[in-house]
Amino acid sequence: MTDDTRIAIIVNPTLPLGLLANTAGAISIGLGARVPALAARRLTDRQGRTIDISSALPVPILQAQADTIRSLMLKAMEQIQNRAVVPFPAFARSLHDYHDYEAAFPDRDLAEEEIDGLGLAGPSKWIKSLTGSLKLLR
């Protein structure tokens with residue numbers, strides 16, 4: 001990624017608050033893993049206390065209904081090179097072990113799934129083209 005990188009997380013605002021927070025958190029971990037430059041840094045204060053930074057870029061949390069999120073995800077997947085696309089399919093909530101999710105995933109069609117959230121990282125123009133009409137989550 002470049003200096004022109006932008007991030008956006010889109011969530012379904014109808015989710016209960018706990019599920020909404022969990023969705024945004026899980027997506028954030030996925031974005032950080034896919035694009036370590038988003039946060040893989042440490043800072044030290046004048047007293048010598050060192051922390052891991054949370055993010056080197058702003059992370060807007062936007063809102064959209066599940067069908068809009070799915071459409072954005074499918075459009076984003078058309079141009080995946082130098083971009084990160086991290087969806088959170090609703091069916092994942094019913095699986096409490098990652099290995100079960102990994103095993104179930106190949107039998108699913110994301111175009112038919114309800115998508116609770118989506119994380120995007122990539123060129124600013126690409127992010128704006130996908131999310132420019134969405135409102136901030138409030």
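Visitor: What volume does the second largest pocket have?
Guide: The second largest pocket has a volume of about 190 Å³. A volume here is the space filled by probe spheres set on grid points, which are joined across faces, edges and corners. The model is a predicted one, in which local features need pLDDT of at least 70 and side-chain atom pairs count only at pLDDT 80 or more, while totals for chains, interfaces and linings use all residues. Residues are numbered from 1 along each chain as its sequence is written, and side-chain values use heavy atoms, with hydrogens and water left out.

Visitor: What makes a set of points a pocket, and what makes a residue part of its lining?
Guide: On a 1 Å grid over the protein atoms alone, a pocket is an open set with protein on both sides within 12 Å along at least five of seven lines; a set where a 1.4 Å probe fits but cannot get out is a cavity instead, and lining residues have an atom within 4 Å of a point. The second largest pocket has 13 lining residues, and the closest to its centre are Arg 6, Ile 7, Ala 8, Pro 60 and Ile 127.

Visitor: Which element gives the most to the lining of the second largest pocket?
Guide: S1, with 4 residues. Strand S1 (5–11) and helix H4 (124–131) each supply at least two residues of that lining. Helices (H or I, at least four residues) and strands (E, at least two) are DSSP runs, numbered from the N terminus.

Visitor: What is the volume of the largest pocket, and how does its lining divide by class?
Guide: Its volume is about 270 Å³. Helix H1 (17–34), strand S5 (84–89) and helix H3 (98–104) are the elements that give two or more residues to its lining. The largest share, 4 residues, comes from S5. The lining divides into 10 nonpolar, 1 polar and 1 charged. Ala, Val, Leu, Ile, Met, Phe, Trp, Tyr, Cys and Pro count as nonpolar, Asp, Glu, Lys and Arg as charged, and the others, Gly among them, as polar.

Visitor: Why is Thr 5 called buried?
Guide: Buried means under 20% relative accessible area, exposed over 50%, and partly exposed in between (1.4 Å probe, protein chains only). Thr 5 has 11% relative accessibility, so Thr 5 counts as buried. Thr 5 lies in strand S1. Leaving aside neighbours within four places in sequence, Thr 5 is in contact (heavy atoms within 4.5 Å) with Leu 38, Leu 57 and Gly 122.

Visitor: Why does Asn 82 count as exposed?
Guide: Asn 82 counts as exposed because its relative accessibility is 55%. Asn 82 is found in the loop between H2 and S5. Although not a glycine, Asn 82 has a positive phi of about 60°. Most residues other than glycine have a negative phi.

Visitor: How do you know that the buried residues of H4 are on the same side?
Guide: The buried residues of H4 are Ser 124, Trp 126, Ile 127, Leu 130 and Thr 131. They cover an arc of only 165° around the axis, which puts them on the same side of H4. The arc is that of the directions from the helix axis to the C-beta atoms. The face turned away from the buried side of H4 carries the exposed residues Lys 125 and Ser 129.

Visitor: What makes a set of residues a nonpolar core?
Guide: They are buried Ala, Val, Leu, Ile, Met, Phe, Trp, Tyr and Cys residues joined through side-chain atoms within 4.5 Å. The largest nonpolar core has 17 residues, and Ile 10, Val 85, Leu 118, Leu 120 and Trp 126 have the most contacts inside it. H2 gives the most to this core, with 4 residues.
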